[in-house]
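Please read them with the structure open beside the text.

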Amino acid sequence: LDKKIALGRDQTLASMCDERARMLQDQFNVSLNHVHALAILVSTFHHGKHPSAIDQKTFGEYTERTAFERPLTSGVAYASKVLHSEREQFEKRIGWTIKKMETEDQTLVQDCTPENLDPAPVQDEYAPVIFSQETVSHIVSIDMMSGKEDRENILRARASGKGVLTSPFKLLKSNHLGVVLTFAVYNTDLPPDATPEQRIEATAGYLGASYDVPSLVEKLLHQLASKQTIVVNVYDTTNASAPINMYGDEVTDTGLLRISSLDFGDPLRKHEMHCRFKQKP
Ligand code: WA2
C-alpha cells in the first residue's frame, strides 16, 4: 500500500508540473507569435509606407489595446537601426540625442529618465528606441546596442531572422530578472534562405518585448490555485553547470523533485521547470 501511495504521489507531482510547464510554454508561444506579428506591422506600415503610417502615438495606442494578446510580456518597443553616418541627421529630425544605457552603479547616483542619461558615445551603429508601449516608455531614445544582453540579441535576431531570447538579466526600472525577446524588422521581403549578410544589410530595426519573469510566472501560477500544494522554480539551464534561477525561492530541499522541460522557441537557450511538494508525506 505504501508503494502504491508513493507511486500516486510521484505521478501527481509529475502531472501537476508538466501541466504548469506546458501552460507557461504555451502562453510564451502565444505572445511570441504576436510580437512577430508586430514586427511585420512595423515593416508594413512604418517602412513600407511613405510617409509612415506609424508614429509614437499610434504605436503606443495599438500596443496598449492589443496587450491582452501578449500574456507574460511587460511591454514592447521598436528600436531603429541607425549607422554612425546617419546619426546627426537622425537626431536633428527626431529632436533628441541617442542615449547610452545606464549601468547598475550609475542608476544609484541618478534617476535613469531619458533626460538624465548621457549621449551615446561614438559607435559604428546604434539602435535607439523610437516607439514604445506606455509600460516601457523609459527606454525611448536609449541605444539598445549599448546594453550587453540587448546588443547580443539584436545581432543574433537580424542575422537569423528568428525570434531570439536573452539570458536572464536585470531589466531597466525593474527589481527582478527578466528576458528580452527580439525580432528583426527588414526593409525588403527576404527569401526564407537569405544569407546572414543579406539579412544584416536589409535590417531596418528591432522589435522587442520584455518579460518580467517572476511577476508574470507568479500571476500564471496564481490562476491555478495550487500554491499550497507545490513549490515551483524556473531555471535558465543554457549553461548546464551554472543554472540561473528565474523564478521561485532558492531551494535546499532534497525531497521528491519533478523536472519538466520548457521550450521557449530559441534553440540557443534551455529552460526547465522544477516542482516539489510543499508537505512531506
Ligand atoms: N526592454 C525593456 N526593458 C529593458 C530592455 C528592453 N529591451 N533592456 C533592458 N531593460 C527594443 O530588442 C529591441 C527591448 C529591446 C528591443
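1. Basis. The model is a predicted one, in which local features need pLDDT of at least 70 and side-chain atom pairs count only at pLDDT 80 or more, whereas totals for chains, interfaces and linings use all residues. Residues are numbered from 1 along each chain as its sequence is written, and side-chain values use heavy atoms, with hydrogens and water left out.

2. Overall make-up. The protein contains seven helices and 12 strands, where helices (H or I, at least four residues) and strands (E, at least two) are DSSP runs numbered from the N terminus. Its C-alpha trace spans about 75 × 45 × 35 Å along the principal axes. Of its 281 residues, 44% count as buried, a term that stands for under 20% relative accessible area, with exposed meaning over 50% and partly exposed the range in between (1.4 Å probe, protein chains only). Taking contacts between residues at least 6 apart in sequence, 68% join residues at least 24 apart; contact here means heavy atoms within 4.5 Å.

3. Packing of H1 and H7. Helix H1 (residues 2-47) packs on helix H7 (residues 213-224) at an angle of about 130 degrees, and their axes are 11 Å apart. That angle makes H1 oblique to H7, given that angles under 35 degrees count as roughly parallel, over 145 as roughly antiparallel, 65 to 115 as roughly perpendicular and the rest as oblique. The axes are lines fitted to C-alpha atoms, for helices over the stretch in contact, and the angles run from 0 to 180 degrees between N-to-C directions.

4. Residues between the two helices. H1 contributes Glu19, Arg20, Met23, Leu24 and Gln27 to the contact, while H7 contributes Val217, Leu220, Leu221, Gln223 and Leu224. By class, the residues of this contact of H1 with H7 comprise six nonpolar, two polar and two charged (Ala, Val, Leu, Ile, Met, Phe, Trp, Tyr, Cys and Pro count as nonpolar, Asp, Glu, Lys and Arg as charged, and the others, Gly among them, as polar).

5. Aromatic pairs. Five aromatic pairs are present in the structure; rings of Phe, Tyr and Trp (its six-membered ring) pair if their centres lie within 6.5 Å, and planes under 30 degrees apart count as stacked, over 60 as edge-to-face and the rest as tilted. One of these pairs, tyrosine 78 with phenylalanine 131, is stacked, at 6.0 Å centre to centre with 25 degrees between the planes. This pair links distant parts of the chain, since tyrosine 78 belongs to strand S1 (residues 75-80) and phenylalanine 131 to strand S4 (residues 129-132), 53 residues apart. Tyrosine 78 and phenylalanine 131 are both buried. Elsewhere, Phe28, Tyr211 and Phe264 form one aromatic cluster.

6. Backbone details to inspect. Histidine 50 and proline 51 are joined by a cis peptide bond, with omega about 0 degrees, and proline 51 sits in the loop between H1 and helix H2 (56-65). Serine 141 has a phi near 80 degrees, a positive value in a residue other than glycine; this serine 141 lies in the loop between S4 and helix H5 (148-160) and, at 2% relative accessibility, counts as buried. Lysine 173, likewise not a glycine, has a positive phi of about 55 degrees. Lysine 173 is found in the loop between strand S6 (169-170) and strand S7 (177-186), where it is partly exposed with a relative accessible area of 48%.

7. Arginine 269. Not counting residues up to four places away in sequence, arginine 269 touches Arg156, Leu165, Thr166, Ser167, Asp236 and Thr238.

8. Alanine 240 and histidine 36. Alanine 240, in the loop between strand S9 (230-236) and strand S10 (244-247), counts as exposed at 68% relative accessibility. Histidine 36 has its place in helix H1 and is partly exposed, with a relative accessible area of 34%.
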